[in-house]
Amino acid sequence: MLSLSELKSIADSQCSYHILRPWWDVFWYYLTLIMLLVAVLSGALQLADSKILCCLPCKVEFNNHCVVPLEMLKLNSTSSNSLFQIMPPIRIQNDLHKQQYAYIDAVCYEKQLHWFAKFFPYLVLLHTLIFAACSNFWLHYPSTSSRIEHFVSILHKCFDSPWTTRALSETVAEQSVRIPLRKGKALFSNYGLTTNVNASHQPSFVGQANMESSVESPNTSVLDKKEGEQAKAIFEKVKRFRLHVEQKDIIYRVYMRQIIIKVILFIIIIAYVPYFLTYITLEIDCPIDMQAFTGYKRYHCVYALAQIFQVLASFYVIMVLFYGLTSSYSLWWMLRTSLKEYSFEALREKSNYSDIPDVKNDFAFILHLADQYDPLYSKRFSIFLSEVSENKLKQINLNNEWTMEKLKNKLVKNSQDKVELHLFMLSGLPDNIFELTEIEVLTLELIPEVKLPPAISTLVNLKELNIYHSSLLVDHSALSFLEENLKILRLKFTERGKIPRWIFHLKNLKEFYVSGFIMFDTLSTAQGPILGFQDLKNLRTLYLKTTLSRIPQVIIDTLPGLHKLSLDNEGSKLVVLNNLKKMVNLKSLELLNCDLERIPHSIFSLINLHELNLKENNLKTIEEIISFQHLQHLSCLKLWHNHIAYIPAQIGTLSKLEQLYLDHNKIENMPLQLFLCTKLTHLDLSYNNLMFIPEEIQFLTNLLYFAVSDNYIETLPNGLFQCKKLQTLLLGRNSLITLPPLIGELTNLVQLELIGNHLEVLPPELEACPSLKRSCVLVEENLLDTLSPPPTERLQTCLDKC
């Protein structure tokens, strides 16, 4: 037995579906109830009546019909004498037994009563059940009921949500104070694909955020956290429901088919019921041969329910007629227009949510049904289809979550000693940020959509902006501020796209770092470059981490004054480099991970080059190094992380070289000509195959940094300790057995690495290095015990600091 709570839940679920029932569904429901009452009443009368037929034997027959006494009197007065002579006397005695009468009634009921008169209540009941099943089948069929249940649940939540009321009230408030806006709105997308201005009107912008903030309703209240989270959950449910329901039209097809079945059933009922209604008669002549049992062979019966059944049947036909006309109207309603599409155009024109999308298939059909009940439901539901509405809600929730105190706790000092705020995986930009005027670096990472409003102008110290895997929209007023103040911009994205247009308005930008799949072809046309790099007149550093086959021509043509160009090709081969010759003002060039097998000859045309970095390429030989003598200003050469087997003797021609990085290669020997580069201050030969260090290293009297870690060196030459200016000496992970006492002559030494060798003791002369007290010695802890206690304590302190 069902409990009261279960019955209540069933009743509530049925009541919730009334939103999707138009007026004809309600009309069908009540007609079905009335027809069901007709069936029940008819059946009850038929079952309650113990004698449906009352039959009497016929003693007088005329023309094969039974004649009753009243008719005999008429015949007596009008007939001839011959006929009168055949007539028996008027007084007729029916002296049959009660059981004989019951037998005659039963036989006449089965053989002579028409089937429609016998089964009329059951036919009405059957028709009514079919009508009822057709009316409710779409609500209980698994593929449709689940969708309907979800929709009704979401619709009620949308209708009752405080966010819906707030959004509609904002619309009314904005409409009452709205000032006509010009159509040119300036919003710039991070990938340049959603810019809301035409190319011909790009120089002029209109600040949308200022206009929106000026018309915001003063009555708008901040939602509490719980209401905001509930509204956010509704947005997600609506998105998933739409994605699921818009793919098919099963509800539409089921609803259409059940209406067609109703129309067909209506036609069938109207075709045969009125015809068979005439067979429900009061008097029935019953000729049966029972003379052997009763003495009579014809009987005259009365159908007791004939009159009331005729009334009920006529009333039933009228109900069916109304039902059929209503079904025909609903079928016409479904066929006259396409119910698989639902447009919010009228609502978009009246509200400030102009992005409400049109829907289709089952989603559209359900909304059409809801409109038949009350159009207000669709209007309130549409609030949760709008991305503008969702973004407003996200902003409110975001402001509630990220209070001023929480944002201040996120402020840190970065490696450049700048005040940085790093926001990670947020739904937007909290408004409280614009009160933190001390921000110098703003980093936005994995934020789907960010809009920089005019309020960013309050960040007067902002000089650096980092956008990592985020989509950025920039308001016109915000862009004007960035034009004047932004110096460094870092941009990372994973999807293929072009550099956003708004970046090319940053006329004071000095450093630009881009990582991702960049399409440079769209930055130029047959008539020349469009709005792009040529407007970045103050740009001095450009870093590109992408996959290219050549250095983009647009960069060569529009940035001739570039001082530093860094290209990380992520392992793809950089083929064409001839156009590099035009960048004669370059002072620093980095071609990283470009799969270069030789040093490109175009580099030797860069006469102002100071630094060259060819890290992580596929260089096996550097014979072209002799051509570097044409680069009179080259002071730093980085050929690290390659496959270089030897250093050519021509290295000695680079007399002005100050820094040389050859670590992570396969070099086995240091040529003596290397020590002709007497201006060298940094020499790194770590992670190679060196067996020894030549004595001629003593000629590098300006050497400050010398690294030969991870080699196979067994002894150190005395000439190494003639480099009196040496500050950093890295000898770790070699095969050293002893450390010469001459180490004490390196009075400027501040960092010493000895870990990973075969040393047994440290020389006491190490204590003569006064600068070591300000740095660290990287060595095994047991070797520190070989020194005298005072220096040991001093060095141990340095080691702990490391």
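Which strands does helix 5 (residues 98-111) lie across, and at about what angle does it run to strand 1? In this predicted model, helix 5 lies across strand 1, strand 5 and strand 6. Its direction is at about 115 degrees to strand 1. Axes are lines fitted to C-alpha atoms, for helices over the stretch in contact, and angles run from 0 to 180 degrees between N-to-C directions. Contact means heavy atoms within 4.5 Å.

Residues are numbered from 1 along each chain as its sequence is written. The model is predicted, so local features need pLDDT of at least 70 and side-chain atom pairs count only at pLDDT 80 or more, while totals for chains, interfaces and linings use all residues; side-chain values use heavy atoms, with hydrogens and water left out.

The chain has 802 residues, and 49% of them count as buried (under 20% relative accessible area, with exposed over 50% and partly exposed in between; 1.4 Å probe, protein chains only). Its secondary structure comprises 22 helices and 29 strands. These are DSSP runs numbered from the N terminus, helices being H or I of at least four residues and strands E of at least two. Of the contacts between residues at least 6 apart in sequence, 55% join residues at least 24 apart.

The strands under discussion form an open, antiparallel sheet of three, in the order 1-6-5. Strand 1 (53-57) and strand 5 (283-287) are at the edges; each has a single partner strand, so one side of each lacks a neighbour in the sheet. From one strand to the next, the twist averages 25 degrees. Pairing requires that DSSP finds at least two bridges between two strands. Strand 1 and strand 6 (residues 298-303) have five, in the antiparallel sense. Within this pair, Leu56 is opposite His300 of strand 6.

A parallel pairing occurs elsewhere. Strand 12 (residues 449-452) is joined to strand 14 by four bridges. Lys451 has Leu473 of strand 14 as its bridge partner. Strand 14 (residues 471-475) is mostly covered, with four of its five residues buried.

Helix 6 (residues 115-140) packs against helix 11 (residues 250-276) at about 165 degrees, with axes 9 Å apart. The two are therefore roughly antiparallel (over 145 degrees; under 35 is roughly parallel, 65 to 115 roughly perpendicular and the rest oblique). Their contact has 18 nonpolar, three polar and one charged residues. Here Ala, Val, Leu, Ile, Met, Phe, Trp, Tyr, Cys and Pro count as nonpolar, Asp, Glu, Lys and Arg as charged, and the others, Gly among them, as polar.
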